[in-house]
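Here is a friendly briefing to read alongside the model.

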Amino acid sequence: MKSEDKLAQFSKLIDQSSNIVFFTGAGISTESGIPDFRSPGTGIWNKISPIEFQDFVRSEEIRKESWKRKFHGKTNLSAADPNVGHKAISHLILRAKARSVITQNIDNLHQKSGVPDDKVIELHGNAGYAKCLSCDTRYELDKLQTQFEELGQVNPCGKCGGIIKTATISFGQAMPSDAMDRAQRETIACDLFVVVGSSLVVYPAAGFPELATHMGIPLVIVNREATPLDHIASLVIHEEIGPTLGFVVGINEPSPNRST
Ligand code: NAD
């Protein structure tokens, strides 16, 4: 099918739906200057290896390395702004056309684009603050950064002595059960499930589009590269996210020009 026909079909599916759920991955934020994990050449995992949760808990040295990456790394998530893709999703949520966004992202850009907090389901947490792993006390990053720069480490929790970690879910760490339950309920309740910018290789997150199709809900995938779930989708668009969502939602002109 030609690119224009796919866009027309996507617009029609959106028009016909009143309870859309979006499911986003790192790909939606690359147009905001945040590298994704797996794009060939530019993805973060092409450059550094991830720190596993068990190693963070086990080793003070590994915690120091993790905080060093956080405070002195090249990716400054807090400086990034939402792009057209985020704005298109918030446009539909604020008009009650879409009900929520389930995101694997940790960059807070859906909230920054105007989506109310209770309509963003963060499966992998949020990198904008830190928490004690034992008692959940919240810590702000600017204070921890000052401490790290003065002492070369982040001290244990002032309340319970537990280990403090950014409020993200690392490889090997348990998924947040509240967010998983809400994501499941939202998936079952929607009438169109739209994946945007995810390689769909990280489980259990990638189980939600599968669940949608098991429930007979149409699945649309917008991603530059093929994903392992393309074959179960009603519509697959291998294009750039901003121009694609901006066009179908009517907040910018089309520029996708490849036929796939
Ligand atoms: P991923 O890196 O595995 O896949 C991203 C996909 O997006 C790739 O297939 C790539 O081809 C596609 N893509 C990138 N830019 C695009 C664009 N402009 N238009 C169309 N497609 C584009 O990401 P994932 O599936 O989200 O899984 C990785 C994990 O990485 C997630 O668990 C998430 O927590 C974490 N992560 C988050 C951020 C963030 O918060 N912005 C950034 C990097 C990684």
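Contact here means heavy atoms within 4.5 Å. By that rule serine 29, leaving out residues up to four places away in sequence, touches Ile34, Asn83, His86, Asn105, Asp107 and Leu109. This is a predicted model, in which local features need pLDDT of at least 70 and side-chain atom pairs count only at pLDDT 80 or more, while totals for chains, interfaces and linings use all residues. Residues are numbered from 1 along each chain as its sequence is written, and side-chain values use heavy atoms, with hydrogens and water left out.

**The ligand and its shell**

- A side-chain N or O atom of glutamate 225 is 2.7 Å from an oxygen atom of the ligand.
- For glutamate 31, a side-chain N or O atom is 3.0 Å from a nitrogen atom of the ligand.
- Isoleucine 241 takes part through its backbone, with an N or O atom 3.1 Å from a ligand nitrogen. The protein buries 97% of the 860 Å² that the ligand exposes when taken alone; these areas come from the Shrake-Rupley method with a 1.4 Å probe.

- Serine 29 sits in the loop between β1 and α2 (53-58); helices (H or I, at least four residues) and strands (E, at least two) are DSSP runs, numbered from the N terminus.
- Serine 29 has a relative accessible area of 1%, so it is buried. Buried means under 20% relative accessible area, exposed over 50%, and partly exposed in between (1.4 Å probe, protein chains only).
- The side chain of serine 29 makes polar contacts with aspartate 107 at 2.6 Å and with histidine 86 at 3.3 Å. A polar contact is a pair of N or O atoms within 3.5 Å; within protein, one must be able to donate a hydrogen and the other to accept it, and residues adjacent in sequence count only if both atoms are side-chain atoms.
- Serine 29 and asparagine 105 are 76 residues apart along the chain, yet their C-alpha atoms are separated by 8.4 Å.
- Asparagine 83 lies in the loop between α3 (60-72) and α4, and is buried because its relative accessible area is 8%.
- A polar contact of 2.9 Å links the side chains of asparagine 83 and serine 32.
- At the start of α4, a side-chain oxygen of asparagine 83 comes within 2.7 Å of the backbone nitrogen of glycine 85.

**Helix α4 and the cores**

- Buried residues of α4 are Gly85, His86, Ala88, Ile89, Ser90, Leu92 and Ile93. Their cover includes α1, β1, β2, α5 (109-112) and α9.
- Isoleucine 89 lies in α4 and counts as buried because its relative accessibility is 0%. Beyond neighbours within four places in sequence, isoleucine 89 is in contact with Phe22, Thr24, Ile28, Val101, His110 and Leu245.
- The largest nonpolar core has 26 residues, and Phe10, Phe22, Val194, Val220 and Leu245 have the most contacts inside it. Such a core is a set of buried Ala, Val, Leu, Ile, Met, Phe, Trp, Tyr and Cys residues joined through side-chain atoms within 4.5 Å.
- Elements giving two or more residues to this core include α1 (3-16), α4 (84-94), β7 (192-196) and α9 (241-249).
- A second, separate core of 22 residues includes Ile102, Cys190, Leu200 and Phe208.

**Backbone features to check**

- Most residues other than glycine have a negative phi, and most peptide bonds are trans.
- Tyrosine 203 and proline 204 are joined by a cis peptide bond with omega of about 10 degrees; proline 204 lies in the loop between β7 and α8 (207-214).
- Asparagine 108 has a positive phi, near 70 degrees, in the loop between β2 and α5.
- Aspartate 136 has a positive phi of about 70 degrees and is found in the loop between β4 (125-132) and β5 (138-139).
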